[in-house]
Amino acid sequence: MVEPVNSSLGKMLLEEVSPVVMVLCTPLVEETFLKNGLSFVETLKPFCNFSNIDVPVRTSGDQLYRLKKFTLRLFNAADIRQPNVEVAKQRLEHVITQAGEKVFHDLESDPPQITDILSNSESEIAPTWFQYYNKELIRTLSFSDHEAFDHPVACLLVVSSKDEDPLNKFVDLFNTNRLPSLLNDGVMDPKILKHFLLVHDNQDATTERLTSKVLSEMRSTFGNNECNLLCTNSSKEGNVEHQANPWASFKSSVPAEKLGCALTGDDIGEIKELMQEFASRHIIPYMEQKVRDLNQQISATRKGLRNQIKNLWWRKGKDDIPDSTKGSIYTFSSTESQIRILGDYAFMLHDYELALSSYRLISTDYKLDKAWKHYAGVQEMMGLAYFISDQSIKEAEYCMENASSTYMKLGKSGFQNATRCGLWWAEMLKARDQYKEAASVYFRICGEEPLHAAVMLEQASYCFVLTKPAMLHKYGFHLVLSGDHYKICDQVNHAIRTYRSAISVYESTTWSHIKDHVYFHIGQWYAIVGMNDVAVRNMLRVLDCGNQSKSTQEIFLRDFFDIVKKTGMKHEVVGLRLPIISMSSLQVIYEDHRTYASQASALVEESIWQSLEDDIIPSLNSGKSNWLELQSKLLPKKYKESNVCVVGESVKLDMEFRNPLLISTSVTSVSLICELTENSDDLKLVEKETSSLSLGTEHNQVTTSGFSSFTLSEVDFTLGGGEKKLVRLTVTPSEEGILKIVGVRWELSGSIVGVHYFQSVPTKAKTNKAKRKNKLTPTDALKFLVIKSLPRLEGSVDHLPDKLYAGDLRYLVLELKNNSESPIKNLKMKISHPRFVNPESHEEELTPGFPDCLKKGPEQNTVQRETSRTSVFAFPKDVSLQGDRSLRWPLWLRAAIPGTISLYFTIYYEMENVSSIMKYRTLRMHYSLQVLPSLETSFEITPSPSRLQEFLVRMDIVNRANSDSFEIHQLSTVGCRWGISLLQPVDTILPSKSILPGQGLSCFFMIKDCRKPGTEEEKTTSILPSQTDIKLITQDDDEKLFDIVNSPLASFHESERSCHGTSDQLSPNTVDFILISRLAKSSNPSAEQDLPKILSHHSCHNRIRSSIPLSWSLDGPKTMYHDFSTSFCEIKLKMVIRNTSDGFLSVSINTIDGLPDAAAPTPSSGNLSGWRYVPAITEEMKLTSDVMGSRLGKPPPSMESSPPFIWSGSSSTKVQIQPLSRTEIPLQISVFSPGVYNLCSYTLTWELSEHENALSSTSSGICQGYPCYLTVLQSE
Amino acid sequence: MIVCVAVVGHQNNPLYIQSFTEAEDALKLHHIVHCSLDVIDERVNNPSKSGTTMNEAFLGLLYPALNYKVYGYLTNTKVKFIMVTSDLDVRDTDVRSFFRKFHAAYVDAVSNPFHVPGKKITSRTFSESVTNIVSSYSFN
């Protein structure tokens, strides 16, 4: 802590509470001194502060002490009056305005950082003009009537030697009429020390003799000691320059060099000496004397018990006097005033003990008198006396608080005094490091006047910084408050200054509400003072004000654009936050050797393409020896890893713009910022687009001009409130070199340009290199090696429907086009779903049109296609594309399975005589199809019970489509082995002709194995192709059947087969069916052209199903004629058993004689083993069969009547049958009478084992014999 | 009447601030809340001055502004609750119980697994329950 005397308050008190000297001078004196640019008082002022006057003083006590520091205050007599309130106010305002002009130039700089503020000391934080302001503020209260320290102690009468009759002038000067009113009113004591001074102007040499004469006259008239001569202006030329001009700090309006130009060093010395002498010889002794006199007088009247009581009694008597605050009740001669004068004189002579005791004495009196203003003034002085004498801190504070609150109680009149008191109090607290309390004192004296409040609040805010620890929140708050007050009284400069400091507090916080307010207002104010650049810079901070209300956002934006307009140019702002660019959404799409047919194909994941292209692009090893190595030779290493793109082909960037506001904003001219450097010397920039703050229109010209080595796309869009938009920007290089995408620029509402640089931003570049090599930095992903123009194949599949039914067969054309002049060759294509798409082997257009071309023509060409298929389709060698010619290649599409299918086509091609960097390219096409379910077929094949070569086929069809119905056209078996035939006429199978949605249908067919029994390995060619197809339509008899042997049906069937392929693919006992259907004609008359023409449904590897691993048939005559009169009839039968399984089968046949129905009920057909074909032999037989079938589960009555037969021959036979082979067993029955016999009374017991002679069987079972009717008739 | 409640994170970042006045004085209340952080810091750093409450979360009256009284509460995780009321005659026990309920609501809100600690509380449930608590206290 500083010594109280050396604290700023101490210095202030020394200056402010010091003896006043009233100066009375003639106009000629003033004239003399005005030669120096100074008035008389001003000339003397610098010499009134004595730092070491060293005068011995003895006041009340016997103790002598020495005064060290002493100050005199000189005032012209005219100034000794209470200042006019209005004038004072204007003067204060002037001080502030002046200070504001001074700070104006600092406003452009960046706001101070909070750390800087904290590290600074007090004097650096608070502006220096505060002290000046405070001094002025205190000065407005000088010469008040309730205080005595402004009472003039002495009077200096000055007359020039040029004056006529100087002696009379002296008398005239102290004429009561000319004295200040305060002295005449009796507030101040007019009997004061007088000192006479004769001024002699040395430039005026003529009066020299006169002067000495006048002086001697003066001395004789006024006394020797009271008269002095001051000779000035010794310099004849008047151009003396002073090092460290003493007047400079007192008068700043005039240039310092002019001040005192006529005064030589001797003159100054003389003035100094004069003042020193005046103070030490006259004023101090005079005051000393007066203090002693007053003290004596007061001791006599007021001290001591008797006097106290008397005084009390006397005051009581005055109680009826009304409470008066006017103060006029006390004249200078009243006892109270005398005591006050004693106190103030003692204070000025630094005898604080005496001062305190006097003040204490008087304060009770004032209190009793309810003279509150006087009371408060005394309390104030007591507080200061306590402070400066370094006594009780508590007492001092108490007194100050008391004074302050008493002044406050007086209302408006006391407020000024309260302010001064508060300033002193605050200084006192500051001196004791109680900054927080000081701040609250400043806050108390804010008052209502905004300008005053602003200054006080600002001072309070600095106190909060100086508090340990700093209270930055309050600092900011008070600065903001102060700024608002400054703004109210149009002190914009100061308002900006305070807000600027406040920014340092709020800058790094997330208190966006406050932050937006501060930035917005400071921006507005900067605009008021015309610093639009800075205004814009500050306003930019509030643009991202998504948390504000909509109306606030509108105000922000409107004002912002107004200010931007005022600047009259287009600012380019790096990091403009409206709209916000989502960097995670950034996606780079470019084409190197991989080219994309469409947007959709570019977005497909790279790995899908890679796996697809594995077979067709040159392998990595060979590739390395080819182009990669060459590239590394040709190019500097640093470019080896950059991405490659081709001249004339655009690089696309997708990014997302988001509007954080609730109001819509228009964003225009969005384009990329790129650099293209020449390949040869990479240091030289061909064009640099990243000039940091180049402004406005000319910039735009550069980007759009034709001279540019690349062209940029521009996008305009409007973002609604909170909207996000994905925007695609492109850059197309037109020269070789290194292309770098640096950033993006856009125009906001046509008035401000936002720039965003992509530095160190993670990007999802769609490049396989970036995925393979992790060391690639994101900026590398935006760097491209531009190589010279290459042919680029464009391709599309025409008329590809996006929605079709499963099984739909379409004829499509793949159109390929190469726009460049250089040819491409060696085309290869790979399709991700060979099951769906099948390229035609040659280019010709279809002659008969689709779908007729698929139908069987008159000339049957049953050329078998080679079935070995590769997934890569190589175009014929002679296909080469160039110029405008386009290649139209037919494709077959068949929607194999329902669902959403992504079809990927990749076409590989090589370029001739071009760049060594890129030898080949691929064209990638991606289409997605939606395949709807249509007819679903399932086949069940069961062996015919009676014919080993024949099988029953049950076909179940369900229409799974939602709305469309289908007609069945044709059913075919694939291959030459199986012939198919109808069991019923077509009309009975399908009475309604078409299958409605959701309808199911079962129908039966018979297929026949056309191979010769026993010779399984040989292919039978005896079957006619026509036997493999059945037409399932009745109308349109002329319509031909579809040829399933030829492409494309056959090839699609192949792929279906391989798709459904199982391990036993080659199993001969499978049947493949193709069902061809078409959309029922009436079902959907609209959308005619997109209707499917035909649909093919393939069902492969249908196995012949049965529950037992064997099938057998009992062969023998169906009808016999026998003469029973001769003998019973023996009939030879033959049982053929076929092993249909893969295992070894052992079968034992047990024939049962006797009552067949008791032993085994006749198995009903279809009950156990599925479908049995009962061959129609005769009408009669059929009838029986029907009877049998209709009485299922009941013992047939006919059986009872039928005469029995007996099995002759062995009753039990056991045979072993090899897998998939057959054996014949002879059987014999004996019949005794004519009749119809059911030869079903036998059982087959079978055991199946994996190996021959295996002990354990995997399965076994017993089969009942099935009905086989034999009619024996009596022969004629 | 409670005019404003706020939750401030341990880095003095606002997590939740809600005023309950009709007038457009959000900015003023923001400033008041922001300023009271200084007082909280002071209280926490000089526990001897506040004296009474070593282990208590309730910090008491922070400072009386012109028309308001500001109360504070500090949780164990150094999250500050600040309440501004326009009632000038308030009993400490009422404020205490208010803060206890408020704390419970806060704990519920941050226990949400989707809440990111240190980020603003956006839960609608939280603001509803705060509104309920606030409306149930009138202090008079």
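**Strand pairing, helix packing and the chain interface**

Strand E14 (residues 651–658) and strand E19 (residues 724–733) of chain A pair antiparallel through eight bridges, pairing being assigned where DSSP finds at least two bridges between strands. A:Glu656 has A:Leu726 of E19(A) as its bridge partner. E19(A) is also joined by three bridges to strand E17 (residues 710–712) of chain A, again in the antiparallel sense, with A:Phe710 partnered by A:Pro733. Helices (H or I, at least four residues) and strands (E, at least two) are DSSP runs numbered from the N terminus.

The model is predicted: local features require pLDDT of at least 70 and side-chain atom pairs pLDDT 80 or more, whereas totals for chains, interfaces and linings use all residues. Residues are numbered from 1 along each chain as its sequence is written, chains are lettered from A and ligands numbered from 1 in the order written, and side-chain values use heavy atoms, without hydrogens and water.

In chain A, the axes of helix H19 (residues 450–466) and helix H20 (residues 472–488) come within 8 Å and cross at roughly 165°; axes are lines fitted to C-alpha atoms over the stretch in contact, with angles from 0 to 180 degrees between N-to-C directions. H19(A) is therefore roughly antiparallel to H20(A) (an angle over 145 degrees).

Chain B contacts chain A through 18 residues, against 16 residues of chain A (heavy atoms within 4.5 Å). The two chains bury about 1700 Å² between them, 68% of it on carbon and sulfur atoms; buried area is the accessible area (1.4 Å probe) lost on being put together, summed over both parts. B:His31, B:His34 and B:Asp38 supply 38% of the area that chain B buries against chain A, more than any other three residues.

Notes. Parallel < 35°, antiparallel > 145°, perpendicular 65-115°, else oblique.
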